[in-house]
Amino acid sequence: MTSPSAVPPTTHQMADFYDALGPLLRMAWGDNFHIGYWEGPSDRSSPQEATDRFTDVLVERLGVGAGCRVLDAGCGIGSPALRVAGSTGAEVVGITISRQQVDQAVELAERAGMSDRVRFELKDAMDTGFAAESFDAVLAFESIVHMDRPTALREWKRVLKPGGRIVLTDVFPVEDESASPFNPAFASARRAEVPDMASFVTFEDWPGLVADAGLRLEELTDVTENIKGTFSRMLDAFLDHRKEFERKHGVTLEEVLDAAKLANQANPTSSGCLIMVATKP
Ligand SMILES: C[S@@+](CC[C@H](N)C(=O)[O-])C[C@H]1O[C@@H](n2cnc3c(N)ncnc32)[C@H](O)[C@@H]1O
């Protein structure tokens, strides 16, 4: 099942989306452009702690160490890639379709003194141009929502060495139909020319996607309980930083959200989240 996306975004539209949202995200949420992972309702971790924790949850599954090469497909501004390299000793290549993100990621790597092991390139993760069998693992942290999943999985399988693994997260719709991305009222209210920046499949679709790509499914875990409240926390963080942001950047919060097309996005509080691990036979 896919969302009713009439117009898929081009890589330029995708870059514009993140370039509009990036400064607000950095100020309000931090340098990890992904969902937080909380241990439970009483967990009072900050967004920084919870997003770093989610990175660590994925790092455990990558199974890499010094001498390994990891592709971070859809790397944001590089914070997860630096954490992967820092905790495993592996070399990491991060790719994104936003030039702004590449520049910021390079700067973060330099500041962390890790440019020798962590580098960033402007590339489409569905067509990387990297040599076949040149990576030990692929990390795709909340990025496949923006891609055609079968195309992305085939490409990552191609660049992986045999036995290498893909570790990714995906966001999927949960039961509350009134607030889901599939709410027909919402869909019809959307301007026709505005592309969906993300598309969704169900949790149950994943084993088939993995098999069709010729990969072996090692793990499919529903972590919805751990991400509960993340989008409302993000919105609160945006509102908390509204004045500071508007003063610094000279644009209103509404203008940013509209430019990033979020004004037209579904209420994401009903989203679930999964971790998928697959190996190349
Ligand atoms: C939600 S952000 C996650 C960023 C990063 N993984 C993190 O956790 O901080 C999604 C990322 O996917 C990237 N992206 C979207 N479509 C892409 C594509 N076709 N190729 C490469 N990167 C893409 C965006 O530029 C953005 O960096």
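1. Ala15, Tyr18, Asp19 and Gly22 in helix α1 meet Arg99, Gln100 and Gln101 in helix α4. Here two residues are in contact if their C-beta atoms, placed from the backbone, lie within 7 Å. By class, this contact of α1 with α4 has two nonpolar, three polar and two charged residues. Ala, Val, Leu, Ile, Met, Phe, Trp, Tyr, Cys and Pro count as nonpolar, Asp, Glu, Lys and Arg as charged, and the others, Gly among them, as polar.

2. The model is a predicted one, in which local features need pLDDT of at least 70 and side-chain atom pairs count only at pLDDT 80 or more, while totals for chains, interfaces and linings use all residues. Residues are numbered from 1 along each chain as its sequence is written.

3. The protein has eleven helices and seven strands. Helices (H or I, at least four residues) and strands (E, at least two) are DSSP runs, numbered from the N terminus. Of the 281 residues in the protein, 42% are buried. Buried means that 20 or more other C-beta atoms lie within 10 Å of the residue's own, with C-beta atoms placed from the backbone. Among contacts with a separation of 6 or more, 77% are between residues 24 or more positions apart.

4. Around the ligand there are 24 residues, and the closest are His34, Gly74, Gly76, Ala125 and Ser143. A residue is near a molecule if its C-beta atom, placed from the backbone, lies within 6 Å of it. Elements giving two or more residues to this shell are α1 (11-28), α3 (79-88) and β2 (91-96). The most come from α1, which gives three residues. The shell has eleven nonpolar, eleven polar and two charged residues.

5. Helix α2 (residues 47-62) has 16 residues, which at 1.5 Å a residue should span 22 Å; its end C-alpha atoms are 23 Å apart, so the two values agree. The expected span is 1.5 Å times one less than the number of residues. Ala50, Thr51, Asp52, Phe54, Thr55, Leu58, Val59 and Leu62 are buried in α2. These buried residues pack against β1 (69-73), α3, β4 (135-140), β5 (160-173) and β7 (271-279). After α2 comes Gly63, with a positive phi near 65°.

6. Phe141 lies in the loop between β4 and α5 (149-159). Phe141 is buried because 25 other C-beta atoms are within 10 Å. Leaving aside neighbours within four places in sequence, Phe141 contacts His34, Leu58, Pro80 and Thr169. Asp72 is 69 residues from Phe141 in sequence, yet their C-alpha atoms are 7.8 Å apart in space.

7. Val171 is in strand β5. Val171 is buried, since 21 other C-beta atoms are within 10 Å. Not counting residues up to four places away in sequence, Val171 touches Glu142, Val145, Phe200, Ser271 and Cys273.

Conventions
Buried ≥ 20, exposed ≤ 12 C-beta atoms within 10 Å, placed from the backbone.
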